[in-house]
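Hi everyone, thanks for making time for this. Let me put the sequence and the structure up on the screen, and then I'll walk you through them.

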Amino acid sequence: MEEPLRTLVVGMIGGGLMGMIFVGHLALLLVFNPPNALRKRAVESSVTKLVTITTIVTYLIWNLLAIFMSFAAQATLSGSDPRISLAPSPAYLLVVVFVTLVLAIPAFVFFRDRKNHLLGELALFIGIFGFLIPNMVVAVQYG
């Protein structure tokens, strides 16, 4: 398999993992503690279409973002040390952490009643996008 195709597959794996966990977590939050607007709408009409469309769009967005990030991770790897490590590309990891922190500030303001859930999702994002994807890129590139 050619290198760009391998990188594409790495992104799809990372995005699929993030999408499945994110959608599952979101589903649990909406079932056990739905927002008032959704609760009122569920009484008036079916929310099946809304949930289905949200799930598909969210899953696709995570996949597209992960594909882009897998190519970014590949571009920032230095070819001198091709082994799997905690952070194969420190510059890439710093960018992921910085972007996560910048996005976390407004997210904590908007979702102030769900801070623990948001912390979990942010840690998962850093884990998958900051550590897993670059290490999978190294594994398929040099493995």
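**A charged pair, then the helices**

Let's start with aspartate 113, which counts as exposed because its relative accessibility is 62%; exposed means over 50% relative accessible area, buried under 20%, and partly exposed in between, using a 1.4 Å probe on protein chains only. Arginine 114, by contrast, has a relative accessible area of 16%, so it is buried. The two form a salt bridge, and their closest N and O atoms are 4.0 Å apart. The rule here asks for a side-chain nitrogen of Lys or Arg within 4 Å of a carboxyl oxygen of Asp or Glu. By that rule the count is 1 salt bridge.

A word on provenance: this is a predicted model, with local features needing pLDDT of at least 70 and side-chain atom pairs counting only at pLDDT 80 or more, while totals for chains, interfaces and linings use all residues. Residues are numbered from 1 along each chain as its sequence is written, and side-chain values use heavy atoms, leaving out hydrogens and water.

Now the overall picture. The protein chain has 5 helices and 0 strands, taken as DSSP runs numbered from the N terminus (helices are H or I, at least four residues; strands are E, at least two). Of its 143 residues, 31% count as buried.

So how do α1 and α5 pack? Helix α1, residues 3–32, meets α5 at an angle of about 165°, and the axes are 10 Å apart. Axes are lines fitted to C-alpha atoms, for helices over the stretch in contact, with angles from 0 to 180 degrees between N-to-C directions. The pair is therefore roughly antiparallel, a label for angles over 145 degrees. The contact, meaning heavy atoms within 4.5 Å, includes Ile13, Leu17 and Phe22 of α1 and Phe125, Phe129 and Ile133 of α5. Its residues divide into 16 nonpolar, 4 polar and 3 charged.

Next, α4 (residues 90–110) and α5 (residues 115–142): their axes come within 10 Å and cross at roughly 165°. That makes α4 roughly antiparallel to α5. Among the contact residues are Tyr92, Val96 and Phe108 of α4, together with Leu118, Leu122 and Phe125 of α5. By class, this contact has 16 nonpolar, 2 polar and 1 charged residues.

Notes
Parallel < 35°, antiparallel > 145°, perpendicular 65-115°, else oblique. Nonpolar A, V, L, I, M, F, W, Y, C, P; charged D, E, K, R; others polar.
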